[in-house]
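My notes follow in the order I looked things up.

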Amino acid sequence: MDFEPYRGELVAYCYRMLGSFHEAEDLVQETLLRAWKARDRYDPARASVRTWLYRIATNVCVTALEGRGRRPLPSGLGAPSGDPGAPLAPALDVPWLEPFPDARFDVEVRADLRLAWVAAVQVLPARQRTVLVLREVLAFSAAEVAEQLGTTVAAVNSALQRARAALADVGDAGAVVEPDDPAVRAVVQRYMRAFEAADVPALVRLLADDAVLEMPPVPLWYRGSRDYGRFMERVFAMRGTGWAMRELTAGGQPALAAYAPQAGGGRRLHTLQVFTVTDGRIVRNVVFADPRVLDAFGLPREILPGEFRSQR
């Protein structure tokens, strides 16, 4: 039995459940190991290989979720800061939400890999979370989900109704714009050029009035274009000018890898910035600095002078 064709979608499933790409990879490995050990007991008359694997993955994920809290973003933990000079002390004891590295896997549906959606799902109990992902995202029938969870169709429908109600204010999925949309790419590319030029006024002009900037693992976050701009002034004052950026996507969202200037003339990978763009303006930028997150995207750690432009 060849399980590898299902690895990518299983990683995406476990990521939606756990909010961590690294944990998702580990749980899928555990899923495939269990499937391999149980392959002689698989009955094709009862379920397809895909449905069978999802049942195993569901059990693995639900077990992993027992006794765990949610994986948040900074904006889910407290009020925004009004001090652009506040200390940038990381909270390393918080299991922060992680972005999904699109280039690693060929996943057909990415809208529900977006940070806001995955962060919202984290507040649901494990059973509701499972039902929501299996029914709404992966389009399993209520009967299939009931079979996977060892429950009834009525219980599945009830859990789905409660999950939908809990997520009613997450946002209109129809308003989500794909990162390869020309208008979105134009906004992100203008932001990239302004960032590379350390042009804070140009950055601010691309922001929505209530734009959010957050930077896990630092619990500090800002709301509003004014404070966003003031913080960016601090960044360029601290780290200098001459940054370089690289375009990519994360969880179906436009993203930029930011390389900070070094004393010797090269640039070193600093952060991954994941954007939400609505109506031609950036409404959210989640900036990740955790080395494990950066490694997951397979980005080069350093670039030499003159090397970067040729990669675009």
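**Charges.** I counted 38 positive and 38 negative side chains in the protein, and the centres of the two sets lie 2 Å apart. In this count Lys and Arg are positive and Asp and Glu negative, while His and the chain ends are left out. I placed each charge at NZ of Lys, CZ of Arg, CG of Asp or CD of Glu.

**Ground rules.** I am working with a predicted model, where local features need pLDDT of at least 70 and side-chain atom pairs count only at pLDDT 80 or more, while totals for chains, interfaces and linings use all residues. Residues are numbered from 1 along each chain as its sequence is written, and side-chain values use heavy atoms, with hydrogens and water left out.

**Overall fold.** I found eleven helices and seven strands; these are DSSP runs (helices H or I, at least four residues; strands E, at least two), numbered from the N terminus. The radius of gyration is 21 Å, close to the 20 Å that the globule rule gives for 312 residues, so the protein is as compact as a globular protein of that length. That radius is taken over C-alpha atoms, and the rule is 2.2 Å times the number of residues to the power 0.38. Along the principal axes, the C-alpha atoms fill a box of roughly 65 × 40 × 40 Å.

**Surface and contacts.** I noted an accessible surface of about 14500 Å², 50% of it belonging to carbon and sulfur atoms (Shrake-Rupley method, 1.4 Å probe; for residues, only the protein chains shown count as cover). Buried residues make up 50% of the 312, where buried means under 20% relative accessible area, exposed over 50%, and partly exposed in between (1.4 Å probe, protein chains only). Of the contacts (heavy atoms within 4.5 Å) between residues at least 6 apart in sequence, 64% join residues at least 24 apart.

**H22.** I looked next at H22, in helix α2 (residues 21-37). H22 counts as buried because its relative accessibility is 16%. Its side chain makes a polar contact with the side chain of E98 (3.1 Å) and reaches the backbone oxygen of R292 at 3.2 Å. A polar contact is a pair of N or O atoms within 3.5 Å; within protein, one must be able to donate a hydrogen and the other to accept it, and residues adjacent in sequence count only if both atoms are side-chain atoms.

**P179.** I finished with P179, in the loop between α7 (153-166) and α8 (182-196). P179 is buried, at 13% relative accessibility. Its C-alpha atom is separated by 8.7 Å from that of V277, 98 residues apart along the chain.
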